[in-house]
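Below is a short note on the two-chain model you sent.

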Amino acid sequence: MEKRVTFKGLWLPLLLVLPQIVITAVFFFYPAGQAIWQSLFIPDPFGLSMKYVGLGNFEYLLGNPYYRASFVTTAVFSILVTVVSMGIALYLAVLADRLIKGSGVYRTLLIWPYAVAPAVAGVLWLFMFNTRVGVVSWYLGLLGYDWNHVLNGEEAMGLVVVASAWGRISYNFLFFLAGLQAIPKSVIEAAAIDGARFWTRFRTIVFPLLSPTTFFLLVVNIVYAFFETFGVIHTITSGGPQQSTTILVYKVYADGFVGQDLGSSAAQSVILLVIVGLLTIVQFKFIERRVHY
Amino acid sequence: MATVKLDSLKKSFGKTEVIHGVDIDIKDGEFIVIVGPSGCGKSTLLRMVAGLETVTSGEVQIGGAVVNDREPMDRDIAMVFQNYALYPHMSVFDNMAYGLKIAGTPKADIIERVDTAAKLLQLQPYLKRRPRELSGGQRQRVAMGRAIVRKPSVFLFDEPLSNLDAKLRVQMRLEIKQLQRRLGVTSLYVTHDQVEAMTLADRMIVMNGGVADQIGAPLEVYANPATEFVAGFIGSPPTNFVNADLAGIRNGEAAKLGVRPEHLTVLPTGSGRLEARVMYTEALGAETLVHLELADGAMITARRSATEASAPEGTEVGLDWQDRDEMLFDHTGKRC
């Protein structure tokens, strides 16, 4: 039996999906089309004329060591953000799952950072790690460590990773906790009776049963690290020092709006568009096919 | 194989005591069924033996050793859960082998033991399948297999048949009984189904509100229930209760008279010890259940063989029973 609602005419269904189509068209298809179009041109510095260059922008980008370096930076950054935020979230979720009393309070408090906008989170961490007045850098100084993320690229990377991962922990935590609580208690008990102690149970039962959640979060977090961390990076390092924290999406901004090279910026957007497309395909393909126990 | 002993075992959740002291000595190889309505504490009792619930006071002994503080894995037990609790991401073989692998059993040994268990449970064709590709009965067997391969000294069953349909339940009941006989492993079996309790048990514990009302062999419990609750819970249809005054019993303490449905004789009105009106009859083929209303409005049931002519609905009849079938209960529900 057909369970879906079917419409006879053409106009009503069209009308019903129209808002979604309009939103997608205005905020996605139009700018994406613009980006693809512009990526084929080089405009003059005053924006008065454009010169058609074909795939010249792409050729230049892929041959540009700074752009390739940005790829590596992005990879390092997104892997670190994903691993840190998911690792900590999983650890906290396992603890919360064992908690009986006060788990509501614990959960609520853990969700708060998610409500903080990335740019604000960036500023918070920037204050704490400020090289002159930051609390954390002062304590580090007491310990004999001279924190200076303004000069040291690795420290800058560490700081943006921590600031980006911080807000993300809440989100991952919620999903992990839900995933953990969906595992039937009796399965864990059966494993306990079978002789598995906590760590063995986690490794052989809990983690495998959690894998659909883990995979989903993996993709979502990578996408987050790729795109939504702009605010954090902009407020904390502005991509520096020496481009050590310039991830792809930041380079789009830096080259286009600061460097005024709109053609290159558009080409970079197109490359990012392709990456998101691939990630989405991967996500759908695997999550659809994923075994649901 | 081992004996199990519960010694004034109590359990409280917070300030609420849910098990008020249970004592039993279980012999090696005995099949004990813990039966009672939901919420009577039967599962909690079993989980305390398993080590999945802490013991508030009293002792659990397995094989003569107090195991109160031992982890489940250190108690040498195996448990079959109501929802089977199979590992969904593992094949049937891996499900059964899991405990052995953790114990570090050599591979050849594992294969041999799992194969033996699979043969016993007719699971050989399914060893490579995942649990979700099996039927309810097959999953049930895998859960049993997982318990068997580890050769534990005690089997614990937590309502293992309640997720199966009626026909399969009867079949699996027999299989469990046979298996237990063959392996001779001491077993504790929790159920709310008194038929399961009657058919499986060497001895049964009838639980009521956290108290073991009666412990004994099924037929002994049936013939001689210790409390009103046991008389009403064991047997289907349940024991009839008649107000002692109405039944003309003047025995001081006695508040209620209990008579099993099969012990009631239906006579023409005016004869027998009690007058009643036939409300409706249920002919079940081999037997007929006659539902009667007493003068005080209480409903009782008589179980007659189908060959007897039964009084039509709406007629007045007399009821009689033998003195030896009388069970008297005082106002607290105790036998007197």
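**Notes on the predicted model**

1. The contact between the chains draws 15 residues from chain A and 18 residues from chain B. On the chain A side, the elements that give two or more residues are α8 (185-193) and α9 (198-228) of chain A. α8(A) gives the most to this side, with 6 residues. By residue class, the side of chain A that touches chain B divides into 10 nonpolar, 3 polar and 2 charged. Please keep in mind that this is a predicted model.

2. Chain A has 12 helices and 2 strands in its secondary structure. Along the principal axes, the C-alpha atoms of chain A fill a box of roughly 75 × 75 × 30 Å. Chain A has 293 residues, of which 30% count as buried. For contacts in chain A between residues at least 6 apart in sequence, 69% join residues at least 24 apart.

3. How far apart are the end C-alpha atoms of helix α1 (residues 11-38) of chain A? They are only 35 Å apart over 28 residues, short of the 40 Å that a straight helix would reach at 1.5 Å a residue. Within α1(A) there is a kink of about 45° at L18(A), shortly before the proline P19(A). The helix is also hardly covered, as the count of buried residues among the 28 residues of α1(A) is 2.

4. Helix α3 (residues 65-98) of chain A has 34 residues, and from its first C-alpha to its last it reaches 50 Å, close to the 50 Å expected at 1.5 Å a residue. Its buried residues include S70(A), T73(A), T74(A), F77(A) and S78(A). Further along α3(A), V81(A), T82(A), S85(A), M86(A), A89(A), L90(A) and A93(A) are also among the buried residues. Against what do the buried residues of α3(A) pack? Their partners are α7 (153-181), α9 and α11 (248-258) of chain A. Of these, α9(A) also gives residues to the side of chain A that touches chain B.

5. Chain B holds an open sheet of 6 strands with mixed pairing, in the order β6-β7-β8-β3-β9-β10. The edges are β6 (77-80) and β10 (211-216) of chain B; each has a single partner strand, so one side of each is left without a neighbour in the sheet. From one strand to the next, the twist averages 15°.

6. Within this sheet, strand β3 (residues 31-35) and strand β8 (residues 186-191) of chain B pair in the parallel sense, over 5 bridges. In this pair, I32(B) stands opposite L188(B) in β8(B).

7. A last point concerns E59(B), which lies in strand β4 (residues 57-62) of chain B. Is E59(B) buried or partly exposed? It counts as partly exposed because it has 14 C-beta neighbours inside 10 Å, whereas a buried residue needs 20 or more. Leaving out residues up to four places away in sequence, E59(B) touches D7(B), V66(B) and N68(B). The C-alpha atoms of E59(B) and L6(B) are separated by 5.9 Å, although these residues are 53 residues apart along the chain.

Key. Residues numbered from 1 in each chain as written. Chains lettered and ligands numbered in written order. Predicted model: local features only at pLDDT ≥ 70, side-chain atom pairs only at ≥ 80, totals over all residues. Contact = placed C-beta atoms within 7 Å. Helix = DSSP H or I, 4+ residues; strand = E, 2+ residues; numbered from the N terminus. Nonpolar A, V, L, I, M, F, W, Y, C, P; charged D, E, K, R; others polar. Expected span 1.5 Å × (residues − 1). Buried ≥ 20, exposed ≤ 12 C-beta atoms within 10 Å, placed from the backbone. Pairing = 2+ DSSP bridges. Axes fitted to C-alpha atoms, helices over the stretch in contact; angles between N-to-C directions. Bend = angle between axes of the 7 residues up to and from the residue.
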